[in-house]
Amino acid sequence: MQKIKFGIIGLGLMGREFASAAARWLHLPGMEIQPEIVAICDTSKAMFSWYEDHIPTIKQRVTDYRELLANKEVEAVYCAVPHHLHREIYCAIIESGKHLMAEKPFGIDREANDAIIRCIQDHPGVFVRCSSEFPFFPAAQKIGHMIDQEEFGQIIEVNGGFLHSSDMDPEKAINWKRMIEFNGEYGSMGDLGMHVCHIPFRAGWQIHNVRAVLSNIITERPDGKGGTAACKTWDNATLLCEASDSSGLSHFPLTLKTQRIAPGEKNTWYIEILGTRKSARFSTKNPKRLSILEYNGGEQIWQQIDMGQETAFKSVTGGIFEFGFSDAMLQMWAAFLYELQHGQPLHRFAGCATPAETAMSHRLFTAALKSFAGNRVIEL
Ligand SMILES: NC(=O)c1ccc[n+]([C@@H]2O[C@H](COP(=O)([O-])OP(=O)(O)OC[C@H]3O[C@@H](n4cnc5c(N)ncnc54)[C@H](O)[C@@H]3O)[C@@H](O)[C@H]2O)c1
């Protein structure tokens, strides 16, 4: 088993998810490469204890990421910090020659994304990917396989989205995710957009133009210190795009929704592809249900399949058992390490988002901001 020594920069919500996935590596019997966490970094020392209590391989804990990057033992870094820090810290990691699993939106804005992409181009020996776990749900993997096999026929329409209600409560105090200076102008597109773009981009569908409608639903929040603070980020975004597939035969509407205030939705990622021969629907609201409609000229019948553990990377879980969020994280991490080791993904839809895909998402979100500001369609 090849071991890759990892450092984590940013020990919050997502740092813990990676640590948990790394601790559960025995779940993946087919892997020939494994992450080992040896160094951790967060500006808040209070974040260290959970990691130290659970990960005996940690040898270095620091509050300045530069010290972690100076550690020669660290070969790869997972960086999960607020968006305004992506450019500075991702570039520093890449320049240190360490591989990088980064978080979306991969730069707070297009300028930051361009700078990170230039840095990657200047360091071709460094492997860099962006986290996006939802395509690893078995039903989404099956949809990817259907795209590979060109089973949809001519594509009629595609709808993708990520809806949750984390900010539904107007009394929830503001945090960095609702502050433009830390989260960025994109608002919910920066938070959730890469997740909804990953499958359409990986499918090779090209987006030609966009008309966006953005909403700032809750404009003021408690500041957590007894007062109130302006909340200027976009809570919800709906992007209506004109898209085509790589053959150019299908020209279709693609609607992408990213919503942080979606009544009734806790954390729902979905994709729906309607085609002349087959259609498919999947939503994490019903995490094992894949709906498929096959049209051969007769009745149009939606069939529902219960998906089990039909994962990209073999797991020890019994084939009939349900799959969940932390399983998707584990699969995504397997994809990162597999591609690092083999130089290519296991298959097209078993890879983490590429820097080029993040650049496409930034072009789209920047165009969406322009579309809403000018009340018009923007060509990409
Ligand atoms: N893939 C996903 O499903 C998913 C989900 C949530 C968030 N994210 C992304 O992950 C990233 C982090 O989000 P989160 O939810 O983990 O945030 P978080 O606020 O829970 O954690 C961020 C951590 O970074 C630390 N930090 C801040 N500045 C730092 C610095 N200079 N050096 C080191 N550490 C520093 C903070 O103290 C905090 O502990 C963001 O890019 C976010 O968009 C991804």
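Residues are numbered from 1 along each chain as its sequence is written. The model is predicted, and local features need pLDDT of at least 70, side-chain atom pairs count only at pLDDT 80 or more, while totals for chains, interfaces and linings use all residues.

Let us stay with Glu150 for a moment. Glu150 sits in the loop between α6 (138–148) and β7 (155–164). Helices (H or I, at least four residues) and strands (E, at least two) are DSSP runs, numbered from the N terminus. Although Glu150 is not a glycine, its phi is positive, about 50 degrees. Asn375 is not a glycine either, and has a positive phi of about 55 degrees. Look for Asn375 in the loop between α10 (355–374) and β17. With 8 C-beta neighbours inside 10 Å, Asn375 counts as exposed.

Now step back to the whole protein. The domain assignment gives domain 1 (2–130) and domain 2 (135–320 + 353–379); such bounds come from an automatic or database domain assignment. The C-alpha centres of the two domains lie 26 Å apart. Where they meet, 21 residues of domain 1 are in contact with 22 residues of domain 2, contact meaning that the C-beta atoms of two residues, placed from the backbone, lie within 7 Å. On the domain 1 side, α5 gives the largest share, four residues. That side has eleven nonpolar, six polar and four charged residues. Here Ala, Val, Leu, Ile, Met, Phe, Trp, Tyr, Cys and Pro count as nonpolar, Asp, Glu, Lys and Arg as charged, and the others, Gly among them, as polar.

Next, turn to helix α4 (residues 86–95). Seven of its ten residues are buried, so the helix is largely enclosed by the rest of the structure. Its buried residues are His86, Arg87, Ile89, Tyr90, Cys91, Ile93 and Ile94. They pack against β1 (2–9), α3 (65–69), β4 (76–79), β5 (99–102), α5 (110–122) and β6 (128–130). After α4 comes Gly97, with a positive phi near 85 degrees.

Glu67 and Ala39 are 28 residues apart in sequence, and their C-alpha atoms are 9.9 Å apart in space.

What about the interior? The largest nonpolar core has 105 residues, and those with the most contacts inside it are Ile8, Cys79 and Ala368. A nonpolar core is a set of buried Ala, Val, Leu, Ile, Met, Phe, Trp, Tyr and Cys residues joined through C-beta atoms within 7 Å. Helix α9 (residues 325–342) provides the largest share of this core, nine residues. The core also draws at least three residues from each of domain 1 and domain 2. If you set aside its neighbours within four places in sequence, Ile8 is in contact with Gly15, Phe18, Ala19, Ile37, Ile40, Cys41 and Tyr78.

Elsewhere in the chain, a cis peptide bond joins Lys104 and Pro105, with omega about 5 degrees. Pro105 lies in the loop between β5 and α5.

Finally, trace the sheet. Nine strands form an open sheet with mixed pairing, in the order β16-β15-β14-β13-β7-β12-β11-β8-β17. Two strands pair if DSSP finds at least two bridges between them. The edge strands, β16 (302–306) and β17 (378–379), each pair on one side only. Inside the sheet, β8 (residues 206–215) and β11 (residues 236–244) pair in the antiparallel sense over nine bridges. Val210 has Cys241 in β11 as its bridge partner. The C-alpha atoms of Cys241 and Ser44 are separated by 41 Å. Ser44 belongs to the loop between β2 (33–41) and α2 (48–54), and with 9 C-beta neighbours inside 10 Å it counts as exposed.

Notes: A residue is buried if 20 or more other C-beta atoms lie within 10 Å of its own, exposed if 12 or fewer, and partly exposed in between; C-beta atoms are placed from the backbone.
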